[in-house]
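Subject: Structure for your review

Dear colleague,

Please find below the sequence and structure that I am handing over to you. My notes on what was found follow directly after them.

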Amino acid sequence: MVVNLEERIVNIMEKGASQKVITGLLNAGMRNTITRRALINAIEKATYRMSFKGPDRPDRVKEERYYMGRALLHSINKTFDTSGISKNCVKALSNIFLGKVFVEGIYVRRTFEEKHGFRPPCFVTISPTNICNLKCKGCYAGEVYTRHTLKYEIFDRVISDIKKEFGAYFFVISGGEPFMYRESGKTLFDILEKHNDAYFMAYTNGTLINKDVAKRLAELGNFTPAISVEGFEEETDDRRGEGTYKKIMEAMDNLREEGVPFGISVTPTRYNAELLLSDEFIDFYFNKKGAFYGWYFQYMPIGRQPSVELMVTPEQRYKMLKRIWKLVIEEKIFIADFWNSGTASDGCMAAARGGGYFYIMWDGTITPCVFIPFKDKTLGNIYQVYQEGKKITDAIKSPLFEKIREWQNNYWIEQPKHKCGNLLAPCIIRDNSEDFYKIVKETEAQPVDEGAEEYLKFIEEGKMPEYNRKYRQLVDPLWEREYLGKKS
């Protein structure tokens, strides 16, 4: 048994260590249930200590960041205990995700900042193809008229460059449908196999995960699918097509039988928000089906035929905020809502801010976020970046990205905790739409599709600002009272 695990882990987070040291430490702890639980417990305690050594934020923000980390560790431990997880998945989760991304990543990002003067993004989302076997209502990917697939050499190079430039080893794959990717005889599996020092998560509709695919994923180990569901059979088939739900259930069974950890991804709207956080839903997917994480993406009025009326109402969102944190804190279920979990993510993660991310689309377009369908007019495509002999770092220094990061700095990042902007309304495009509109106009950012142009009209017509105002009426008093400690 390793002596004083907590101190060793804190030391790694603060001062760094070679991957060999971290791997040895984790392998020692993963050999049996007792030592594994002790190790994860030590990482949890170290995470708590590190949460309070971070930026100047209200104490409750730091606590909620810790609670989210604790829920993630609890879910990983539960997965090891109950899923019969494959040997290679155990190795990748422990050595790459826990070791390289979760523990060592804190030190790597700090040293990068000392060298370059800014903190690097900690991951990138890549959609290598817009091709999909489904046609879901309201898909954020938009109404695509031409099929696009990212060149394999570019897909491969981006991942290599992200690792080299930012020290980031976590990649999110989206789409289209990731398992539909085909280019130069290569598939997603070729990427996973070549970059076996990185950990990948993909948003997928799950319909292509048959027994053979699940077996291959178990052999690779460094991949977890986040499967999209809309509720139960009626809700899922209504949005994604008849028979989709049954295929998803089969996919989950295939993954569980092969020992591949998986999660779920959901899109709350005003019509299903209550269902997606109901006791029945949580118990079915997290206990009966075995999902070990859940991503909640509230419907955004972008993409195919955008509609403000489909958004969860301000009142529903407020209830979701309370419900999600109850599940995270009391039941230790790892659920993140990118609009209601702003305290855990330290606010808006867009525009490659320190610890955040950015997005590369199927045609090479670079945008600040999956949900910000606008590109910089000067350096907005990865093909252009490479053709001009530049680096990805140059792309994230473009005017659009820099203006969004400037807004983030003024809203909360560079503010003392008593002036920290409301992280319960963290999103620049959804929660602060008028500020976003000014940035688009100032930088002459270009919309990537018709849905983006329609979204700007929603701001001009006052629809988004009114939504923002109504939600602020609910959460501003909560923020000031329970986070900033102001008396009414």
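Among contacts in the protein chain between residues at least 6 apart in sequence, 74% join residues at least 24 apart, where contact means heavy atoms within 4.5 Å. This is a predicted model, in which local features need pLDDT of at least 70 and side-chain atom pairs count only at pLDDT 80 or more, while totals for chains, interfaces and linings use all residues. Residues are numbered from 1 along each chain as its sequence is written, and side-chain values use heavy atoms, with hydrogens and water left out.

The secondary structure of the chain comes to 19 helices and eleven strands; helices (H or I, at least four residues) and strands (E, at least two) are DSSP runs, numbered from the N terminus. Of the 488 residues, 59% count as buried. Buried means under 20% relative accessible area, exposed over 50%, and partly exposed in between, with a 1.4 Å probe and protein chains only.

Helix packing

Angles under 35 degrees count as roughly parallel, over 145 as roughly antiparallel, 65 to 115 as roughly perpendicular and the rest as oblique. In the residue classes, Ala, Val, Leu, Ile, Met, Phe, Trp, Tyr, Cys and Pro count as nonpolar, Asp, Glu, Lys and Arg as charged, and the others, Gly among them, as polar.

Helix α9 (residues 233-240) packs against helix α10 (residues 244-258) at an angle of about 115 degrees, the axes being 8 Å apart. The two helices are therefore roughly perpendicular. On the α9 side the contact is made by Glu233, Thr236, Asp237 and Arg240, and on the α10 side by Thr244, Tyr245, Lys246 and Ile248. By class, these residues divide into two nonpolar, two polar and four charged.

Helix α10 also packs with helix α12 (residues 279-288), at about 35 degrees and with the axes 12 Å apart. Here Tyr245, Met249, Met252 and Arg256 of α10 meet Phe284, Tyr285 and Lys288 of α12. This contact has five nonpolar, no polar and two charged residues.

The axes of α13 and helix α19 (residues 463-483) come within 9 Å and cross at roughly 30 degrees, so the two helices are roughly parallel to each other. Pro314, Glu315, Arg317, Tyr318, Leu321 and Lys322 of α13 touch Tyr467, Lys470, Tyr471, Leu474, Val475, Leu478 and Glu482 of α19. Eight nonpolar, no polar and five charged residues make up this contact.

Rings and charges

A charge sits over a ring if NZ of Lys or CZ of Arg is within 6 Å of the ring centre and within 35 degrees of the ring normal. The charged end of arginine 317 sits over the ring of tyrosine 471, 4.0 Å from its centre. Likewise, the charged end of lysine 186 sits over the ring of tyrosine 152, 5.5 Å from the ring centre.

Rings of Phe, Tyr and Trp (its six-membered ring) pair if their centres lie within 6.5 Å; planes under 30 degrees apart count as stacked, over 60 as edge-to-face and the rest as tilted. By this rule there are 27 aromatic pairs. One of them joins tyrosine 411 and tryptophan 412 edge-to-face, at 5.9 Å centre to centre and 90 degrees between the planes. Tyrosine 411 is buried at 13% relative accessibility, and tryptophan 412 is buried at 0%. One aromatic cluster consists of Tyr203, Phe292, Tyr293, Trp295, Phe297, Phe334, Phe338, Trp339 and Phe371.

Loops and backbone

Tyrosine 181 lies in the loop between β2 and α7 and is buried, with 1% relative accessibility. Not counting residues up to four places away in sequence, tyrosine 181 touches several others, including Pro128, Tyr152, Phe155 and Lys186.

Most residues other than glycine have a negative phi, and most peptide bonds are trans. The peptide bond from glycine 175 to glycine 176 is cis, with omega near 10 degrees; glycine 176 is in the loop between β2 (170-173) and α7 (188-194). Lysine 332, in the loop between α13 (314-330) and β7 (335-337), has a positive phi of about 55 degrees and is partly exposed at 30%.

Yours sincerely

Terms used:
Axes fitted to C-alpha atoms, helices over the stretch in contact; angles between N-to-C directions.
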